[in-house]
Amino acid sequence: MFRNATLGLLLVLVLVIVGCGFLKSGPDANSHNGALQSRSIEGIKEKTFDDLLVEVAKRAPGFGGMFIDEEGALSVYLLDVTQKATAEAAIAAVFGPDRIPPSGIRVLQGQYSFVQLKQWHDRLSPTVLARPGVILTDIDEAKNRLRVGVEKLELAKQVEEELTKLDIPRKAVLIEVTEPVKPLSG
Amino acid sequence: MFRRVMTLWFVAVLLIVVGGNVSVRSGVKAGDRGDALQSLKAPETLDDQFASIAKQVPAFGGLFYDEMGQLTMYLVESEPNLQEAVDLAIEAFRKRDGRITSADLIRVLPGQYSFLQLKQWHDRLFVPVFSIQGVILTDVDEATNRLRIGVESLEIADQVEEELAQLGIPREAVIIEETEPIVFMATLRDRVRPLRAGLQINFSQFLCTLGFNAVRQGVNGFVTCSHCTDRQGGVESTSYYQPSASLTNFIGTETVDPNYFRGGVCPRGAKCRYSDSAFAELAAGVTSTLGAIEQTGLGSMTITGGYQITGEVSAPLVGERLDKVGRTTGRSEGAVAATCVTTGVQGSNIVQICQDFVNASVAGGDSGSPVFKITSGSNVQLYGILWGGNQSGTQFVFSRMGNIERSGELGLLTTF
């Protein structure tokens, strides 16, 4: 009986410790308001937004990126458009329930998962940006593609060569002429 | 005898010459005084011109353009020769101000008071009335053929009416109305205290914009761009002034500006950071308001009020509409075009990792501008600071709060 009581006490202790850990691991309930409040989410500050989208993708495989469309709706790329509910839950879990508008998300057919796009981008960016005339690299959440900005379209061939070497499908990448970005002190 | 006559002639001539010179000089002096008086005399106001016209045309009560652009004149109702009075008034005004031509069609309204009477009353009242606390303005209102007194609150109308009675000015000739006080309109480029985000700052021979006030590890200061320091990356204790360099305008010193790193995610040959930001400690005695951003109209630099930061947002979404306030282009607003873009910086080997692009107007000097979203009224959420843009000034680039507050960047900041 004494043994049972001890076991019971141990069980309660374990539950308490695990419960506290579980509660702490979640983001602060008040910290999500709109997009992403940074004030009380220490760990998130070390992650980029793309890292957070990867977390969504891990919870909702087939998540391809999200953006606010011209009508103000939260539009989400999914490889499987039937996974809307899973995607909403994943977005709410990472960014907070306020990120999901009352009308829910608008689903778009995606071709590439965000995880895949990010892996390609992380491989592509340092190499391609080392080439003169390449201005920027980006995961274009609004188009479910990678984007490479170049000063002149003549440079597209060099970028394509790089994509081939890195085994990144050409059709996953938009190569476009972009104005250089300059600092704006006066 | 001859000698006596010649002496008398000589004295007479001398007197004439001397006397003439005196009068000429005094004439010159008088002229000079007259000229001096002319130059000291205030230029004739429109009210003076109207009063002069009213002297020639006693029925004249005022002239103005109505809301439809129609030239309109008040004539005292009792004037029997209306057309003649109109013609005379127009002619008198045209001689003084070529804007009116005889071909203009004039609309005549019945007036109660001649302009001359209104002006005499106004000249009598404005000194004593202005001594009443809360009186903002006095006016001869040619559009209503009345005097007008603007007050902060109608509670002082009694005091104004007492003064009118003492001055013998009929109450019905005066409109007393509540008026907003007139204030100096400062701009983002003026000296403004306490400091708020969006104001012009100067370092060395460059201009930037104050990004936002912040407390960093207990130190009061403000954030602006790293390239708005004497050297981008690394601390050189850059001195800041607002709006421009002078002893009395000194506002702070650069204390935090992380170095750029190489390798890892940074492209070969480049140096990188996650934000173009630096922190400056506020100088002793300089006042600033935490959480405040200067408010201006779109495209304007005139300060009309203030925004209040009520929250921070780590990262924007493509499509969100954001604003910025900068010393060169004032406030501009647009949609987020791209997020988390890794971008080179023209003219350097710098690559900024994970930056955000907004389709909105920008120009040199706007670096450091706070980027924010208006949530309701004057409440805003802070998204980051602007550091760059495209050549055509149609798109700006900013470092998001999530990156600015990374360890390795400026770290945690209190911004409101």
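The side chains of Glu177(B) and Arg148(B) meet in a salt bridge, with N and O 3.0 Å apart; a salt bridge here is a side-chain nitrogen of Lys or Arg within 4 Å of a carboxyl oxygen of Asp or Glu. Glu177(B) lies in strand β6 (residues 174-178) of chain B and Arg148(B) in strand β5 (residues 146-151) of chain B, so the pair ties together parts that are 29 residues apart in sequence. Helices (H or I, at least four residues) and strands (E, at least two) are DSSP runs, numbered from the N terminus.

This is a predicted model, in which local features need pLDDT of at least 70 and side-chain atom pairs count only at pLDDT 80 or more, while totals for chains, interfaces and linings use all residues. Residues are numbered from 1 along each chain as its sequence is written, chains are lettered from A and ligands numbered from 1 in the order in which they are written, and side-chain values use heavy atoms, with hydrogens and water left out.

**Salt bridges**

| Pair | N to O distance |
|---|---|
| Glu177(B) and Arg148(B) | 3.0 Å |
| Lys119(B) and Asp123(B) | 2.8 Å |
| Arg171(B) and Glu161(B) | 2.8 Å |

Lys119(B) and Asp123(B) both belong to helix α4 (residues 115-130) of chain B, where they stand 4 residues apart, about one turn of the helix. Lys119(B) is buried, with a relative accessible area of 12%, whereas Asp123(B) is partly exposed at 40%; buried means under 20% relative accessible area, exposed over 50%, and partly exposed in between (1.4 Å probe, protein chains only). In chain A, salt bridges that share partners join Asp138(A), Asp140(A), Lys143(A), Arg147(A) and Glu176(A) into one network.

Chain A has 5 helices and 7 strands, and of its 186 residues 46% count as buried. In soluble globular proteins, nonpolar side chains tend to be buried together. A nonpolar core is a set of buried Ala, Val, Leu, Ile, Met, Phe, Trp, Tyr and Cys residues joined through side-chain atoms within 4.5 Å. The largest such core has 51 residues, of which Phe63(A), Met66(A) and Phe95(A) touch the most other members. Its largest share, 6 residues, comes from helix α2 (residues 49-59) of chain A. A second, separate core of 48 residues includes Leu188(B), Leu195(B), Ile309(B) and Val397(B).

**Where the chains meet**

In all, 39 residues of chain A are in contact with 57 residues of chain B, contact meaning heavy atoms within 4.5 Å. Between them the two chains bury about 3,800 Å², 54% of it on carbon and sulfur atoms; buried area is the accessible area (1.4 Å probe) that two parts lose on being put together, summed over both. How many salt bridges are there between chain A and chain B? The count is 0 salt bridges between chain A and chain B. On the side of chain A that touches chain B, α2, β1 (63-68), α4 (114-128), β4 (134-140) and β7 (182-183) of chain A each supply at least two residues, and β4(A) gives the most, with 5 residues.
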